[in-house]
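Hello,

Here is the structure I promised to pass on to you. Please have a look at it first, and then read my notes below.

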Amino acid sequence: MTKPPVADSVPAAPEVALESTKHFTRSQTRIVKDSFKMSRLDFDLIGSLKERAAGFGRPAKQGELLRAGLHSLQKLSDGDLRRALDALAPLKARRPDKAGATPRRVVNPGVRTSA
């Protein structure tokens, strides 16, 4: 008994209709603030894209570049999106320090150094 190929058994992602936000007023558009981490290379890439946009007379903010990237990713096929995600270098998951935990290494506690 053989299993069907994975690509055949995975259903296609449903089409998501993106509404244009141009007909909304400023008070109707809700802004969500979130935080995430990225590598230094990816962060530097944002800076180079900002310079590139300024070079052709359209200054762009970091949020605009991220939003434009999301809209570009939305247009990719499932296979192209998967390849784009697989091309990213994985980031290490780092958990925040527990509250009240002692530091792992203390260098000369109580000794002050001149700055």
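Asp-86 and Arg-82 are both exposed, and their side chains meet in a salt bridge, with N to O at 3.8 Å. This is a predicted model, so please read every value here as computed from predicted coordinates. Asp-86 and Arg-82 are 4 residues apart in helix α4, so about one helical turn separates them.

Helix α4, residues 78–86, holds another pair of this kind. Arg-83 and Asp-80 both lie in it, 3 residues apart, which is again about one turn of the helix. Their side chains form a salt bridge at 2.6 Å, N to O. How open to the outside are these two partners? Arg-83 has 54% relative accessibility and counts as exposed, because the cut-off for that class is over 50%. Asp-80, with a relative accessible area of 35%, is partly exposed.

A further salt bridge joins the side chains of Arg-58 and Glu-64, at 3.2 Å from N to O. Arg-58 is partly exposed, its relative accessible area being 43%, and Glu-64 is partly exposed too, at 30%.

Now for the overall layout. The protein has 4 helices and 0 strands, and along the sequence the pattern reads α-α-α-α. Of its 115 residues, 3% count as buried. The protein exposes about 12,100 Å², and carbon and sulfur atoms supply 57% of that area.

Two of the helices are worth a look together. Helix α2 spans residues 40–55, and it packs against α3 at an angle of about 100°, with the two axes 10 Å apart. Why do we call α2 and α3 roughly perpendicular? Angles of 65 to 115 degrees fall in that class, and the angle of about 100° therefore places the pair there. If you want to find the contact on screen, pick Phe-43, Ile-46, Leu-49 and Lys-50 on the α2 side. On the α3 side, they meet Gln-62, Leu-65 and Leu-66.

Met-38 is found in the loop between α1 (6–9) and α2. Setting aside residues up to four places away in sequence, Met-38 touches Phe-43, Ile-46 and Leu-91. Pro-90 is 52 residues from Met-38 along the chain, yet the C-alpha atoms of Met-38 and Pro-90 are separated by 9.7 Å. Is Met-38 buried or partly exposed? With 26% relative accessibility, Met-38 counts as partly exposed, because buried would need a value under 20%.

Last, a feature of the surface. Leu-70, Leu-73 and Leu-76 make a nonpolar surface patch of about 250 Å². Leu-73 lies in helix α3, which covers residues 62–74. Leu-73 has a relative accessible area of 36% and is partly exposed; residues need over 30% to be part of a patch, so Leu-73 can belong to this one.

Best wishes

Key:
Residues are numbered from 1 along each chain as its sequence is written. This is a predicted model: local features need pLDDT of at least 70, side-chain atom pairs count only at pLDDT 80 or more; totals for chains, interfaces and linings use all residues. Side-chain values use heavy atoms; hydrogens and water are left out. Patches are made of residues with over 30% relative accessible area and no salt bridge: like charges are joined within 9 Å, nonpolar side chains (Val, Leu, Ile, Met, Phe, Trp, Tyr) within 5 Å. Accessible areas come from the Shrake-Rupley method with a 1.4 Å probe; for residues, only the protein chains shown count as cover. A salt bridge is a side-chain nitrogen of Lys or Arg within 4 Å of a carboxyl oxygen of Asp or Glu. Buried means under 20% relative accessible area, exposed over 50%, partly exposed in between (1.4 Å probe, protein chains only). Axes are lines fitted to C-alpha atoms, for helices over the stretch in contact, and angles run from 0 to 180 degrees between N-to-C directions. Angles under 35 degrees count as roughly parallel, over 145 as roughly antiparallel, 65 to 115 as roughly perpendicular and the rest as oblique. Contact means heavy atoms within 4.5 Å.
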